[in-house]
Structures are given as structure tokens and as C-alpha cells.
Amino acid sequence: MKGSKIYLFSIVLVAVLGGLLFGYDTAVISGAEKGLQAFFLGAEDFTYTDVIHGITSSSALLGCILGSAISGILASRFGRKPALIFAGILFLVSALGSYRPEFFFFAYGKPTLSLLVAFNVYRIIGGVGVGLASAICPMYIAEVAPSNLRGTLVSWNQFAIIFGQLVVYFVNFLILGEHTNPIIEKIGETVYAVSPSSDPWTINTGWRYMFGSEAFVAAIFTVLVFFVPESPRYLALKGEDTRAMKTLSRINGSAAAAGILAEIKSTVNVKSERLFSFGVLVIFIGVMLSVFQQAVGINAVLYYAPRIFESMGMGNPMVQTVLMGIVNIAFTLVAVFTVEKLGRKPLLISGSIGMAVGAFGVAISNIVEVPAVVPVVSIMVYSASFMFSWGPICWVLIAEIFPNTIRSAAVAIAVAFQWIFNFIVSSTFVPMYNMSLGGMGTKFGHMFAYALYGAICILAAWFVYRLVPETKGRTLEDMTALWRKNK
């Protein structure tokens with residue numbers, strides 16, 4: 001029996017749909033957040049402040065933390081496939097609930113504190129789905145992929161994430177249509193109001209359609225996951241060698257499958273499944289890869305991209321956001337097609353330097369008077385550099401760097417830290433971005449935020465150079481020997 005790349009690519013395609021939903025769910029807020037803010041500013045039983053809006057805009061990240069934290073338990077106890085089905089159901093419930101948070105319990109269209117809580121609960125449910133998908137999709141792809149294709153195929157998961165963000169930018173743009181985003185006016189230190197000239201459709205309806213549009217993709221993903229096989233490495237760890245052999249044979253061919261299965265089985269009993277069986281360093285590196293991927297600030301830029309471009313006076317901010325999405329897609333493809341040639345470390349280090357240049361460019365633009373195109377190009381450089389480096393390569397390394405026997409638990413911990421820092425960065429960005437100081441006003445906050453992210457990018461490059469091992473060309477089973485030697 002010969003291996004089938006078509007079969008491999010088909011099951012990977014289903015898995016990367018989880019990545020697309022990941023991107024869709026996290027970026028949908030970028031087009032909806034102003035309408036959502038305007039809607040809840042109309043509440044009479046509480047004051048919807050800047051801080052509350054920041055928390056609401058990033059509340060899904062709380063679910064991401066929970067979802068990623070429990071992903072190891074679900075993936076190791078029930079399997080990768082059932083965990084992904086569960087994630088798909090959560091995506092669907094969240095999309096429909098965010099579209100109509102009133103459901104049976106509240107009056108439609110009447111903003112209240114209770115409705116705000118309900119909305120955030122639905123967003124958190126979706127976040128749990130994102131957390132599960134973010135940990136399990138790359139893990140699943142890494143466990144079914146041959147070693148010579150693993151980096152490329154896992155990188156496609158990041159491509160799907162960025163493509164999902166681009167899709168939702170277009171969907172939000174189309175939903176907005178001839179309507180305009182509401183005009184939010186500051187009337188106090190932390191109090192805002194909606195201008196009477198604002199378009200009422202975007203306040204009452206537009207944001208609902210944006211959140212609800214995700215339901216279609218979520219339903220397709222959930223159905224398709226039923227047709228993919230369970231991870232052969234999970235099956236081997238559970239002693240189901242016959243099923244594992246069947247999947248490995250369809251992917252690699254019968255002759256190669258026998259050797260792969262034997263190699264997998266040889267690592268099962270090398271160490272116990274205690275998390276620190278292979279030492280602290282491998283866990284530390286996995287966690288710090290996740291921390292740096294978020295601490296460089298990319299998601300704050302993606303979530304609030306329309307607002308940032310608007311503050312720079314760049315015409316229709318949604319157009320610039322779509323343009324940035326296209327640039328992100330193009331540079332993610334750079335990683336997809338070079339990760340197996342250049343390796344993981346060169347891409348991470350060069351990307352970190354590029355991001356630092358872009359971030360410092362934006363920071364300087366808020367000190368020196370420059371044309372508006374300069375900070376916009378700097379943001380594009382910053383974002384593009386992330387997309388060929390920390391965006392895909394972090395997921396590749398997290399999916400492959402841990403030994404088989406601790407992979408589920410270690411990936412769960414690493415990805416949980418990723419979402420914790422995602423929440424910290426996203427919820428602190430707006431207050432930090434709007435900080436005022438003396439004659440600089442809010443330009444100080446703009447400068448400080450990007451200067452901080454630029455400094456973290458430099459630190460990230462040093463971390464990769466000093467501590468992260470190159471994994472290009474190594475099998476997942478090689479990780480056992482690597483970390484046993486470095487313990």
C-alpha cells in the first residue's frame with residue numbers, strides 16, 4: 001500500500017479550518033467593536049466606560065485561556081478528534097449567542113448590564129473553542145504529518161488563522177456596506193457618548209450580523225471533523241496499534257508506516273508521563289515562545305486596526321485593514337514555503353528584528369512630524385514581519401518541540417500562557433495607547449506602546465538565539481532524545 005498525499009492534505013485541510021475559525025473569531029471584534037460600544041453606551045442601568053469596553057472587546061480571551069488549559073486533558077483523555085468536535089460546537093453556540101444575546105431572557109435591543117454579561121458569556125464560550133482549536137489543531141497536524149512536511153503543514157494552520165482574519169475583514173466590510181461606524185465622543189475622563197448623527201443601523205444591527213456570520217463556518221467545520229481519523233500517535237499511546245497503523249499506512253505507505261509505528265512505540269515507555277520528566281528547560285522554552293508571540297503586541301494591533309488607522313487620518317480605515325490582511329496573507333506564505341528550507345530559528349530572529357524596526361518606526365512617528373503614510377507603512381512592516389516568523393513558527397515549534405508522552409499537557413500549558421498574555425496585551429492596549437503626558441497629549445501613549453513592543457521584539461530575538469533548538473528535519477520521536485540529553 002502506497003501513501004497518499006491527497007489523503008494527508010484532505011485531513012490537514014479539515015484541521016486548518018479550526019485555525020480559520022480561530023482567526024475569524026478573534027478578528028471579528030475589529031469591525032464590530034465600535035457598534036457594540038455605541039449599543040451599550042445607551043444603557044441606563046450602568047455606565048459603559050473605556051475600561052469596560054476594553055474588557056468586553058477581549059473577553060473571549062478569558063475563554064481562550066480556559067480552553068487551552070483544558071485542551072491537554074480533553075486531548076489525552078478523549079482524543080484529538082472528539083476535542084475538535086467539541087470546539088466546533090462551542091464556536092457555533094458562541095456565534096449564534098453573540099448575534100442575539102437576548103435569547104429568551106432579555107428584551108431585544110435594550111442594552112442593560114445583564115445583557116452585557118450574557119454577551120460576554122457567549123464570547124467566552126467561543127473563546128473556549130478558540131483555546132481548544134489553537135492547541136489541538138497544530139498538535140493534530142504535527143502528529144499526522146511526515147517529518148519532512150511537518151513545518152510546512154503546521155504553518156498552513158497559521159495561514160488559515162490569518163486567512164480567517166482577512167475573510168472576516170471582508171465580511172465586516174460587506175456587512176457595513178453603505179452604513180457608517182458610529183461616532184463616539186468623549187464627554188468625561190472615562191465617559192463616552194454616541195453622537196446623535198451616528199448611523200442607528202450599525203448601533204442596533206450591524207455588529208450582530210458580524211458575530212453571527214461565524215456560525216456558517218463553525219457548522220461546516222464541526223461536520224467535517226467527524227470524517228477525519230484520530231491522530232495515529234494518540235492511538236499508539238493508547239495501545240490501539242491496529243488503528244494507528246491503518247492511518248499511518250494511508251499517509252506514508254505500509255512499509256514506512258511499520259517503521260514509524262515502531263519508533264513511536266519506542267518512545268512511549270522511555271519516560272513516565274510526568275510533565276517535568278524531560279526537565280524544566282523544554283517547558284520553559286515552550287512557555288516563553290508563547291509569551292513572546294503575544295508580548296510583541298501583534299494582536300492589539302489586529303483587534304484595533306480600524307481605530308488605529310482612523311486616528312492616523314487614513315481615509316476609510318476598513319480599506320487599510322483589508323490591505324493589511326492581504327499583506328499578512330502574503331508574508332505568511334513566505335513562512336509556509338521557507339520553513340523547511342531555512343529552518344525555524346532564522347525566521348524567528350529575522351522576524352523579530354523586522355518587527356522591532358516597524359514598531360520603533362510607529363513610535364518615532366509620534367515624536368517627529370512625518371507624513372501619515374510613514375506610520376502606516378511601519379505598521380505593515382511590523383505586521384508582515386510577524387506573519388513570516390512568530391505567527392506560524394511559534395505554532396510549529398509548540399506542536400513539535402515536546403516529547404510524545406508529555407505533548408498534550410505541555411502544549412496545553414504553553415498555549416494557556418499564550419492566551420493569558422494575549423488577554424493582558426489586548427486589555428491594556430487601549431488605556432496605554434490613550435495615555436496622555438504634558439504637551440504630547442495622547443501621542444505619548446501612542447509612542448510608549450510601540451516603543452515597548454519594539455523593545456520586547458529585540459528581547460525575543462535574543463531568547464531565540466540563545467535557547468531555542470533548531471528542529472528542522474527532526475521527527476517528533478527525536479524530541480525524546482534531544483531533551484533527555486539536555487536534561
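Mentor: Happy to! Let's start with a term: buried means under 20% relative accessible area, exposed means over 50%, and partly exposed is in between, using a 1.4 Å probe and protein chains only. By that rule F211 is buried, with a relative accessible area of 2%.

Trainee: Okay. What should I know about the model and its numbering?

Mentor: This is a predicted model, where local features need pLDDT of at least 70 and side-chain atom pairs count only at pLDDT 80 or more, while totals for chains, interfaces and linings use all residues. Residues are numbered from 1 along each chain as its sequence is written, and side-chain values use heavy atoms, leaving out hydrogens and water.

Trainee: How do helices α1 and α7 pack?

Mentor: Helix α1 covers residues 5–41 and helix α7 covers residues 200–212; they pack at an angle of about 150°, with axes 8 Å apart. That makes α1 roughly antiparallel to α7. Helices here are DSSP runs (H or I, at least four residues) and strands are runs of E, at least two, numbered from the N terminus. Axes are lines fitted to C-alpha atoms, for helices over the stretch in contact, and angles run from 0 to 180 degrees between N-to-C directions. Under 35 degrees counts as roughly parallel, over 145 as roughly antiparallel, 65 to 115 as roughly perpendicular, and the rest as oblique.

Trainee: Which residues of α1 and α7 meet?

Mentor: On the α1 side they are V28, I29, G31, A32, G35, L36, A38 and F39, and on the α7 side T202, I203, N204, W207, R208, M210 and F211. Contact means heavy atoms within 4.5 Å. By class, the contact of α1 with α7 has 10 nonpolar, 4 polar and 1 charged residues. Ala, Val, Leu, Ile, Met, Phe, Trp, Tyr, Cys and Pro count as nonpolar, Asp, Glu, Lys and Arg as charged, and the others, Gly among them, as polar.

Trainee: New topic: how many aromatic pairs are there?

Mentor: A search of the whole structure finds 21 aromatic pairs. Rings of Phe, Tyr and Trp (its six-membered ring) pair if their centres lie within 6.5 Å; planes under 30 degrees apart count as stacked, over 60 as edge-to-face and the rest as tilted. For W201 and Y209, the ring centres are 6.0 Å apart and the planes are at 65°, so the pair is edge-to-face. W201 is partly exposed at 22% relative accessibility, and Y209 is partly exposed at 39%.

Trainee: What about W207 and F211?

Mentor: They form an edge-to-face pair, 6.4 Å centre to centre with 75° between the planes. W207 and F211 are 4 residues apart in helix α7, so about one helical turn separates them. W207 is buried, with a relative accessible area of 1%. Ring pairs also link F39, F40, F46, Y48, F119, W207 and F211 into a cluster.

Trainee: Is D25 buried or exposed?

Mentor: D25 is buried, with a relative accessible area of 1%. D25 is placed in helix α1. Leaving aside neighbours within four places in sequence, D25 is in contact with A60, F91, S94, R123, G126, V130 and E214.

Trainee: And where is D199?

Mentor: D199 is in the loop between β2 (192–194) and α7. At 16% relative accessibility, D199 counts as buried. Beyond its neighbours within four places in sequence, D199 is in contact with H179 and T180.
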